[in-house]
Amino acid sequence: MPLQTRLAALADDRLSAADKGLPARADGLTVREFLATEPALAEFWTPLLALDERALAHNASVIQGWCDDRGLELMPHGKTTMAPALWQLQLDAGATGLTLATPGQVRTARSFGIASIMLANTLVAPAALAFIAGELADPDFAFRSWVDSVETVEAMEHGLAGLALPRPIDVLVELGGAGGRTGARGVDEAVRIAERVAASPVLRLAGTAGYEGSLGHDRSPAVLDAVRGYLAEMLAVHAAVRGLADGELIVTAGGSAYLELVAEVFAPAIAEEGTGTRWILRSGASLLHDDGFYHGISPIDGELTPAMRGYARVVSHPEPGLALLDGGKRDFPYDEGLPVPFGVAEAPGAVERQLAGASVTALNDQHAYLRADGPLDLAIGEVVSLGLSHPCTAFDKWRLIPVVEGGGSDRVVALVRTFF
């Protein structure tokens, strides 16, 4: 079923008390019916995660234009949000497909009609291989997975034995880095794997893949040099395996932290090869951006706008410099930095006054510790707005996320459905 058709059908889903954060009056209404009442964010219960429509559209345009200007395709990592409505936003802006991390996510995307998918992982589970074999009967479906060892190739061949495979599965050889995550350790090993793929009757060598983001966590000179060296090795693998491949080749790298280095290192090869190779960036966090990790590390931080915001209510003020909020680890991301308090108001989305000198110092399951060196200028029942860090661990905590119009308006214009 086409993505737009499936998305339209989601508007007929009925809301219930199980949908965290929604006002009580939404219970029993369809999404369409509820939005027709023009709800305001102030009606929603805390804790709450909200998105900004204008910021999302802005960021989708920025990252797509950034890629276009550098000869890169964009296949954003859909696991960041697992939200088909946001996938559609980037596909409409010019993305050529979607990247995903697990076979289950691939199946979800296929149920929404996504026609071009890259699994940035190995595909070895027999049930998942059987599913992909069936999906490849659709001539319009483009699928690619990764391999990082000869053993992975053999596991794929074993899992595909006896299946009716309409066409070989496209695989990219993943190059890793010492101390990094997955991937062949070194150019020679990657080439050996590529040779094994090229000899497989059920796989097709489709290119070279890598993830430079696992090599560092900051922008120190040592990390930047390591990333550049790694990307240069990816090009060396690509050059070595070009003669082994029959058909289109892909080179893909890029998270959201070092994307300018991907463009910089790949630029000479892009200019030399022209359209002979597809150069694909997989940045997933750029659509949402944030007020934490990516705000500090993204090379295009000034061009992107944080598009997500948390809200939590003051439920206890036991000491002059301590307040407890009603949002915690079950509501907000915390693995790449704690929420950042911005302002305080009577309700989510209302006009705020600045909350200066305060910080969130810890999270429990359902509480945030808001501390200051001096007295905190807030009262029990007031709502604190929170800048968040790391969109990749924000969305999995929410089934439905309200989207405000943006630009100063707190009117809720959409409810984004996630599929974790």
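Student: Is Thr81 buried or exposed?
Tutor: Thr81 counts as buried, because its relative accessibility is 4%. Keep in mind that this is a predicted model.

Student: Where does Thr81 sit in the chain?
Tutor: Thr81 is in the loop between β2 (73-74) and α4 (84-93).

Student: And what does Thr81 touch?
Tutor: Leaving out residues up to four places away in sequence, Thr81 touches Leu86, Trp87, Leu288, Phe395, Thr418 and Phe420.

Student: Let's switch to helix α10. How does the distance between its end C-alpha atoms fit its number of residues?
Tutor: The two agree: α10 covers residues 259-273, and at 1.5 Å a residue its 15 residues should span 21 Å, while the end C-alpha atoms are 20 Å apart.

Student: Where does α10 bend?
Tutor: The bend is at Phe266, by about 50°. A proline, Pro268, follows within four residues.

Student: Which α10 residues are buried?
Tutor: Leu259, Leu261, Val262, Ala263, Val265, Phe266, Ala269, Ile270 and Glu273. These buried residues pack against α3 (53-69), α9 (221-241), β8 (249-253) and β9 (277-281).

Student: What comes just after α10?
Tutor: Gly274, which takes a positive phi of about 60°.

Student: How many residues are in the largest nonpolar core?
Tutor: That core has 76 residues, and Phe266 is among those with the most contacts inside it, along with Phe143, Ile169, Leu203 and Leu231. Helix α9 supplies the largest share of this core, nine residues. There is also a second, separate core of 35 residues, which includes Phe332, Ala372, Leu376 and Ile401.

Student: New topic, charges. How many salt bridges are there in the whole structure?
Tutor: A search finds 21. In one of them, the side chains of Arg242 and Glu273 meet at 3.4 Å, N to O. That pair links distant parts of the chain, with Arg242 in the loop between α9 and β8 and Glu273 in helix α10, 31 residues apart.

Student: Which residue does Arg32 meet in a salt bridge?
Tutor: Asp12, at 2.9 Å from N to O. Arg32 lies in helix α2 (residues 31-36) and Asp12 in the loop between α1 (3-10) and α2, so the pair ties together parts 20 residues apart in sequence. Arg32 is partly exposed at 45% relative accessibility, and Asp12 is partly exposed at 46%.

Student: What about Arg14, which residue does its side chain meet in a salt bridge?
Tutor: Glu33, at 3.6 Å, N to O. Here Arg14 is in the loop between α1 and α2 and Glu33 is in helix α2, 19 residues apart. Arg14 counts as exposed at 53% relative accessibility, whereas Glu33 is partly exposed at 38%.

Student: Last one: where is Glu154?
Tutor: Glu154 is in helix α7 (residues 150-160). At 40% relative accessibility, Glu154 counts as partly exposed.

Terms used. Residues numbered from 1 in each chain as written. Predicted model: local features only at pLDDT ≥ 70, side-chain atom pairs only at ≥ 80, totals over all residues. Heavy atoms only, no water. Helix = DSSP H or I, 4+ residues; strand = E, 2+ residues; numbered from the N terminus. Buried < 20%, exposed > 50% of the residue type's maximum accessible area, 1.4 Å probe, protein only. Expected span 1.5 Å × (residues − 1). Bend = angle between axes of the 7 residues up to and from the residue. Contact = heavy atoms within 4.5 Å. Core = buried A, V, L, I, M, F, W, Y, C linked by side-chain atoms within 4.5 Å. Salt bridge = Lys/Arg side-chain N within 4 Å of Asp/Glu carboxyl O.
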